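These are my notebook entries on a structure that I consulted. I record what I looked up, topic by topic.

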Amino acid sequence: MRLKHFSELRVAACFELKLMRRDPAVWLVLALLLAAIVQALVSGRAVVEARERAVAVMQDAEAKQRAELVTQIEAIESGRIAAPDRFYRDPRNAFAVSNRIGPTAALPPVPLALVAAGAGEAFPPAVRLRAGSKDSFLFTEEINNPAHLSAGTFDLVFVLVFVLPLCLLALTYNLVSGEREQGTFSLNAASPASLATVFGGKLLVRGGLPVGVTLVAVNAGIALATYSSHALPLVSLIWLSLLVVAYASFWLALAAFVNALRRDSALNALTLVGAWLVFVLLIPAFSTALSEATYPAPPRAEVILASRSAAIDAERDRAAEEARYRDEYGETAAKTAGKVDERTRMLQRIAVQTIATERADAVLARHDARVDEQARLAARLAFLSPAMLAEAAMIDLSGNGRARYRQFEAALDTFHREWRDFFIAERAARSLPLTRADYDRLPRFSVREKAPESLLPATAAVVFLLAALMLASYYVRSLGR
Amino acid sequence: MQTGEEVAPAPTLARPAASPALTVARREWRELVRDSRLRLLAVVSLLLLLAALIAGFTQAQRLDRERSAAMLADRSLWDGQGAKNPHAAAHFGQYAFKPVGVLALADPGVDAHVGAAIWLEAHKQNEAQFRPARDSGLPGRAGNGLSLAFILQALLSLLAILLAFAGFSGERERGTLRQVLALGVRPRDLLAGKAMAISGALFILLLPAAIGVFAGIYTLDLEHHSGVSDHGQSVLRLGALAVAYALYLAGFVALALAVSARAKSSRAALVILLAFWLANTFLAPRLSSDWVRSFAPLPSAQQFRDAIAADKRQLFGHDESHPAFVAFKARVLAEYGVSRIEDLPVSFRGLSLREDDHAGYRIFDRHHAALQAAIDRQDALRALPGALLPSLAVQPVSMALAGTDSRHQYHFTTQAEGHRRLIQEIVSDDLIRNARNGGPDYQAPPALFASIPSFAYQHPSIGEVLTGDARNLAALALWAFGCTLFALRSVARLRAV
């Protein structure tokens with residue numbers, strides 16, 4: 001029985017394929033889809049490459065700066081030149097050097113980074129760390145034309161989430177209604193196969209063609225684009241392909257569902273475009289507004305105010321201390337005592353920087369918690385629209401999401417502490433100079449990414465398939481009536 | 001929205017004395033009002049506009065509250081400085097916060113992608129920090145935020161298409177077009193009447209939104225914290241915004257009627273217009289951005305900073321062994337006719353700081369102006385097809401008038417830099433006049449720091465904005481004019497027989 005159904009389905013599909021081959025509109029839709037995918041691969045790759053170049057320039061600048069300091073300290077240690085008169089130019093001064101080298105901390109792109117290249121641009125590709133409070137380096141940004149960031153990138157996520165559904169709807173909006181209007185529906189009804197099988201075959205072809213073109217183009221394109229730089233990301237590609245099939249199934253099932261309502265083709269087209277608008281534009285727009293209203297972005301100025309207040313408080317403490325000393329020992333003694341040597345000044349600077357770091361860290365932790373809450377709400381709201389869910393899952397696969405950047409920030413936090421320990425706690429606070437050998441022992445940045453990867457792609461695929469099944473079952477029941 | 005299935009009422013041209021175009025407009029208006037699906041669409045659009053207005057209002061109010069609080073807190077830190085060396089105070093610096101423009105509630109523009117705070121410290125022109133987009137829960141989310149500009153650009157243009165796509169083709173399918181033309185109604189009157197009715201419907205929808213923004217200008221009163229409050233300028237900007245969007249939407253109405261007059265069926269007209277709407281609203285902005293980026297790329301942040309640093313190596317900063325410092329010292333001593341710094345009547349340290357600052361200003365100006373010129377070039381290239389794909393022209397105009405485009409950001413950073421220079425000049429002058437050469441470290445009284453004002457941003461005048469965006473406004477006018485011409489030529493082909 002099952003074999004018979006399959007055979008009928010195959011016959012229906014083959015017949016539809018013959019019809020579609022003669023329809024220029026089908027070729028036009030497929031050509032446009034293919035062109036969009038190729039352009040998206042090119043755009044995505046360009047963004048990823050530009051970010052990699054920006055990181056390389058940063059690393060180059062860091063290497064040059066380090067080499068200059070090494071040359072200078074070698075000359076000082078060998079007695080060829082005298083030490084600079086100002087501490088901030090001295091390559092032996094640990095406090096100064098801790099803020100001068102600026103080691104590059106980068107989050108390397110994953111092989112599928114080009115899929116959601118635009119999302120990655122919300123964050124800088126790398127930062128150059130300083131020993132000072134984190135606000136001094138965490139918010140330095142890459143140069144971008146803000147109008148481009150606002151418009152977004154024509155990347156694969158855009159094509160798969162926005163454009164693919166439109167192509168699917170363009171080919172399926174009149175799946176049943178078109179036959180009714182042409183008068184060929186009754187011919188199908190007269191066939192020995194069930195209507196569900198006949199129209200199932202048609203749906204399979206009309207949806208299968210664009211999905212097939214998409215899968216081939218996306219997989220081949222990514223394989224080509226990542227050929228030189230990465231091993232073929234097979235697992236990620238399988239997940240991406242599954243997501244595309246599941247997401248496309250939802251839209252195909254929706255088109256079938258609307259056809260099952262037995263309206264005319266024009267109304268079907270309008271209803272489906274309306275559904276696209278609601279799922280792709282309106283629900284995301286409302287979700288954004290809702291999550292921003294519920295958990296507004298933290299006022300980042302608080303971080304700088306917290307670290308700046310450390311300097312003012314330290315000044316006040318010093319002034320109060322001097323005043324007390326003056327009261328106790330008289331004006332002349334206070335004037336002599338007020339003259340601090342360079343070592344004491346350095347210790348004062350270190351104390352201010354340490355307090356500023358602690359205060360900024362406390363504010364940053366509070367801010368991060370608020371951003372995380374907003375992200376959690378946004379992740380929940382994503383289930384309201386298949387477009388949002390698909391986009392979130394694809395951003396996760398591309399490694400350009402907030403979750404991975406948070407891991408990077410955690411690694412930065414660890415590295416910041418290591419850097420401060422090396423320069424400040426172990427040397428500057430003990431008034432120990434840096435030596436040439438120390439330059440070979442500088443801490444290095446690394447991100448230890450946690451496996452397993454996000455569960456979102458799998459969850460999204462299951463949700464889409466369930467929704468597709470529900471819609472399709474109504475379609476099958478409707479045709480059976 | 002008229003589909004082929006509907007039975008249209010017979011045309012009634014009851015008042016021949018009135019202008020034929022007005023009579024047609026009245027008839028079209030009655031049909032629009034009678035269509036329950038259009039009523040639903042209108043209600044949905046209105047609700048969306050109001051929701052966008054409320055979202056914009058709340059967001060602008062919150063940002064203004066936060067930035068005002070930050071400004072006050074930073075001022076209190078600045079005033080909290082005790083007696084100290086003026087140059088040390090310049091190193092501590094002030095922060096400049098970009099005030100929220102009241103029209104940001106209509107179009108938030110690029111505000112999410114630019115920093116809103118700049119540290120004004122000695123020796124350096126810093127970049128703006130804290131891009132709100134970075135703190136968004138889901139970066140790169142599908143679709144755009146809910147803003148009036150988004151609704152006007154994306155949804156109202158779609159509504160214009162839905163109202164007009166069957167304007168002629170629907171009548172042709174029902175057979176009423178021939179009857180109307182046979183009555184002697186000129187096609188151009190028919191076109192004018194239909195365009196008037198549809199534009200009237202769009203105008204009625206937009207009126208509450210415009211009134212909402214107008215009320216927002218007077219109720220929000222955002223800018224009093226920065227000392228800038230010019231409602232007149234905001235109202236003028238709102239008026240210009242209304243004109244820009246009127247041109248944008250008028251073009252869509254004319255285009256939809258033109259396509260409707262030429263298309264074989266309403267369905268064909270709808271498919272063509274929807275394809276154009278998609279290309280204009282979603283594909284063009286992204287594609288043009290990507291192409292422009294690869295055609296005219298910007299430097300990376302590190303390259304930009306390295307170029308400034310390379311030029312700044314010619315300056316002496318605090319390096320007293322720098323050849324430029326030695327030369328400057330010789331020049332100053334010669335000017336005052338003395339042989340030792342200690343014999344100078346003014347502070348040499350103050351003079352050298354001022355000299356170094358002035359040389360630095362020229363370097364910063366050159367590099368920042370070149371970067372902005374590169375961004376402007378990208379924007380101009382991006383908007384080049386604006387007369388054919390009007391979203392590329394209306395977006396920059398809308399952002400510029402709302403005060404949320406990259407030119408306004410540059411205007412803010414330039415003014416902030418001006419304020420930084422004011423601080424430098426005041427503290428250097430104080431050093432020059434009061435510090436003693438060879439004496440103990442000079443400390444200025446807190447009154448000096450209290451006398452230095454906080455940064456107060458002045459928005460550019462509407463004249464500057466319109467001049468800067470003249471090309472895009474011309475593209476919008478050309479779009480509307482071209483579509484009208486296309487519609488006139490399209491309906492001229494209509495014949496009764």
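Is A:Lys134 buried or exposed? I find that A:Lys134 counts as buried, at 10% relative accessibility; buried means under 20% relative accessible area, exposed over 50%, and partly exposed in between, with a 1.4 Å probe and protein chains only.

Conventions. I note that this is a predicted model, in which local features need pLDDT of at least 70 and side-chain atom pairs count only at pLDDT 80 or more, while totals for chains, interfaces and linings use all residues. Residues are numbered from 1 along each chain as its sequence is written, chains are lettered from A and ligands numbered from 1 in the order in which they are written, and side-chain values use heavy atoms, without hydrogens and water.

Confidence. I looked up the pLDDT (the predictor's confidence in each residue, from 0 to 100). Chain A has an average of 85, and 92% of its residues score at least 70. Within chain A, the lowest confidence falls in helix H13 (residues 331-338), with a mean of 57, and the highest in strand S1 (residues 104-106), at 95. Helices (H or I, at least four residues) and strands (E, at least two) are DSSP runs, numbered from the N terminus. Where pLDDT is low, the predicted coordinates should not be read in detail.

Salt bridges. I counted as a salt bridge a side-chain nitrogen of Lys or Arg within 4 Å of a carboxyl oxygen of Asp or Glu. Over all chains, the structure holds 41 of them.

A:Lys134 pairs with A:Asp413, the closest N and O atoms lying 2.6 Å apart. A:Asp413 belongs to helix H16 (residues 402-425) of chain A and A:Lys134 to the loop between strand S2 (126-128) and helix H5 (146-151), so the pair ties together parts that are 279 residues apart in sequence. A:Asp413 is partly exposed, at 22%.

A second salt bridge joins A:Arg406 and A:Asp372 at 3.1 Å, N to O. A:Arg406 is in helix H16 and A:Asp372 in helix H14 (residues 342-381) of chain A, so this pair links parts 34 residues apart in sequence. I record A:Arg406 as partly exposed, at 24%, and A:Asp372 as buried, at 19%.

B:Arg331 lies in helix H11 (residues 323-336) and B:Glu355 in helix H12 (residues 348-382) of chain B, so parts 24 residues apart in sequence are tied together. Both count as partly exposed, B:Arg331 at 42% and B:Glu355 at 29%.
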